[in-house]
Amino acid sequence: MVDDNFYLELAIKEAWKTQCQTLPNPAVGALILDYNGKILALQAHQEAGKPHAEVLALKEAYFNLTQDSTILSLEQSTQIHEYLKQKAHTLFLNTTLYVTLEPCMHKGKTPSCAALIESLGIKKLIIGAKDPNPKAQGGAEYLQQRGCKIIKAWENKELQKSSIKANDLLLPFNFLQKKGNFVLFKYACRLNGSIDGGQISSKETQIFMHNLRCKLDELVISGKSVLIDNPILDSRSNSLQSQKNPNIAILTHQKDFPQTAPLFSIPNRQVRILHSLSDFSGFIMCEGGTNLLQNLLPQIDMLLIFLNPTLSTYDLAPHFNASFKLLHSQPIGNDLALWLLPKEES
């Protein structure tokens with residue numbers, strides 16, 4: 001008997017690998033299973049405007065079933081949709097599709113995933129979460145009306161835990177939609193809490209963070225960190241096509257803040273000097289230590305900690321008390337990434 005929880009959670013874990021990189025789109029994962037229970041594809045949405053998770057999974061599955069390498073060169077959603085419609089024929093009739101989010105119904109920057117799934121004749125679909133976007137939702141009903149067996153995790157008692165995890169994936173997207181901004185605080189430390197003494201995180205973590213920097217509306221840092229670290233705060237290590245460097249907001253009490261750090265010389269960016277917290281819009285990331293974290297905690301939606309498996313003799317970080325809910329953990333290089341949600345005080 002097929003364990004739907006197992007395969008759905010594989011798709012959820014895959015989607016966390018590109019969490020926030022997809023903003024303003026939600027992070028989504030998809031998995032395709034053949035009739036004998038073999039995994040044909042496991043993919044996650046990479047960037048807004050690029051192919052959705054279902055399309056990437058169908059692209060991978062098609063190649064694995066046919067060895068037709070032509071499809072591998074197709075990068076645009078419309079190209080992949082049309083190629084699959086022309087070439088797949090009955091290839092996907094006995095496959096099962098697991099997707100963390102309801103397939104989109106509307107045609108925006110990319111064609112409708114629900115329409116593609118229907119055209120390929122997929123007969124069974126397991127969905128982790130209902131699409132919260134009124135413009136995109138309706139794919140489940142559309143497919144169900146056309147003979148596809150739809151299992152909605154949020155309506156299935158055995159899939160409730162997976163449904164909760166699938167909805168956790170949507171938190172950054174939901175924050176952005178509901179209040180106009182999503183504030184993520186990034187924090188890196190060693191096993192003993194040390195944050196001093198130079199670079200902490202692995203190369204893979206640096207790539208991950210620079211990918212996120214490409215997607216930011218603004219990066220917030222303390223004036224103290226600028227003066228001590230003399231940072232560049234660009235996105236030079238990103239693995240995406242974008243070369244966008246983030247705009248910077250420097251929080252400081254110093255009235256005449258010196259503009260000597262390398263970050264001021266990066267072209268095509270705005271740098272703001274702030275003496276108090278102001279309204280932010282879009283995807284905002286804060287980078288710093290516990291002092292900045294403590295000051296910004298009321299404004300933070302999620303905390304991303306990178307724990308590096310090293311010890312040092314440097315002083316530990318300053319003490320303060322805060323509680324968080326663990327949403328997800330994942331290895332990135334030699335680090336452990338922890339996605340945390342601040343707990344409301346009782």
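Student: Which residues are linked in a network of salt bridges?

Tutor: Start with the rule: a salt bridge is a side-chain nitrogen of Lys or Arg within 4 Å of a carboxyl oxygen of Asp or Glu. Here Glu47, Lys50 and Lys215 are joined in such a network. Before we go on, keep in mind that this is a predicted model, where local features need pLDDT of at least 70, side-chain atom pairs count only at pLDDT 80 or more, and totals for chains, interfaces and linings use all residues. Residues are numbered from 1 along each chain as its sequence is written, and side-chain values use heavy atoms, with hydrogens and water left out.

Student: How far apart are the closest N and O atoms of lysine 215 and glutamate 47?

Tutor: They are 2.5 Å apart in that salt bridge. Glutamate 47 also meets lysine 50 through their side chains, at 3.3 Å from N to O.

Student: Is glutamate 47 buried or exposed?

Tutor: The cut-offs are these: buried means under 20% relative accessible area, exposed over 50%, and partly exposed in between (1.4 Å probe, protein chains only). Glutamate 47 has a relative accessible area of 9%, so it is buried. Lysine 215 is buried too, whereas lysine 50, at 27%, is partly exposed.

Student: How many salt bridges does the structure hold?

Tutor: There are 10. One of the others to look at joins lysine 17 and glutamate 14, whose side chains meet at 3.1 Å, N to O. Lysine 17 is partly exposed at 48%, while glutamate 14 counts as buried at 18%.

Student: Let's move to the rings. How many aromatic pairs does the structure hold?

Tutor: In general, a pair of aromatic rings is described by the distance of the centres and the angle of the planes. Rings of Phe, Tyr and Trp (its six-membered ring) pair if their centres lie within 6.5 Å, with planes under 30 degrees apart counted as stacked, over 60 as edge-to-face and the rest as tilted. This structure holds eight such pairs. Take tryptophan 16 and tryptophan 339: their centres are 5.3 Å apart and their planes lie at 50°, so the pair is tilted.

Student: Where do tryptophan 16 and tryptophan 339 lie?

Tutor: Tryptophan 16 is in helix 1 (residues 4-16) and tryptophan 339 in strand 13 (residues 335-342), so the pair ties together parts 323 residues apart in sequence. Tryptophan 16 is buried at 1% relative accessibility, and tryptophan 339 is buried at 0%. Tryptophan 339 has another partner as well: with phenylalanine 208 it makes an edge-to-face pair, 6.4 Å centre to centre and 70° between the planes. Since phenylalanine 208 belongs to helix 8 (residues 203-215), this contact ties strand 13 to a part 131 residues apart in sequence.

Student: Which residues do ring pairs link into a cluster?

Tutor: Trp16, Phe208, Phe306 and Trp339.

Student: What about cysteines: how many disulfides does the structure hold?

Tutor: A disulfide is a covalent bond between the sulfur atoms of two cysteines. The test used is a pair of cysteine sulfur atoms within 2.5 Å, and the count is zero. For cysteine 148, the nearest cysteine sulfur is that of cysteine 113, 13 Å away. Cysteine 286 has that of cysteine 20 as its nearest, 12 Å away. Cysteine 148 is buried at 6% relative accessibility, and cysteine 286 at 2%.

Student: Last one, strand 7. Which way do its residues point?

Tutor: In a regular strand the side chains alternate between the two faces of the sheet. In strand 7 (residues 218-222), Glu218, Val220 and Ser222 point one way, Leu219 and Ile221 the other, and all are buried.

Student: How many bridges join strand 7 to strand 8?

Tutor: Two strands pair if DSSP finds at least two bridges between them. Four bridges join strand 7 to strand 8 (residues 248-251), and the two run parallel. Valine 220 stands opposite alanine 249 there. Strand 7 also runs parallel to strand 10 (residues 282-287), with three bridges, and leucine 219 faces methionine 285 across that pairing.
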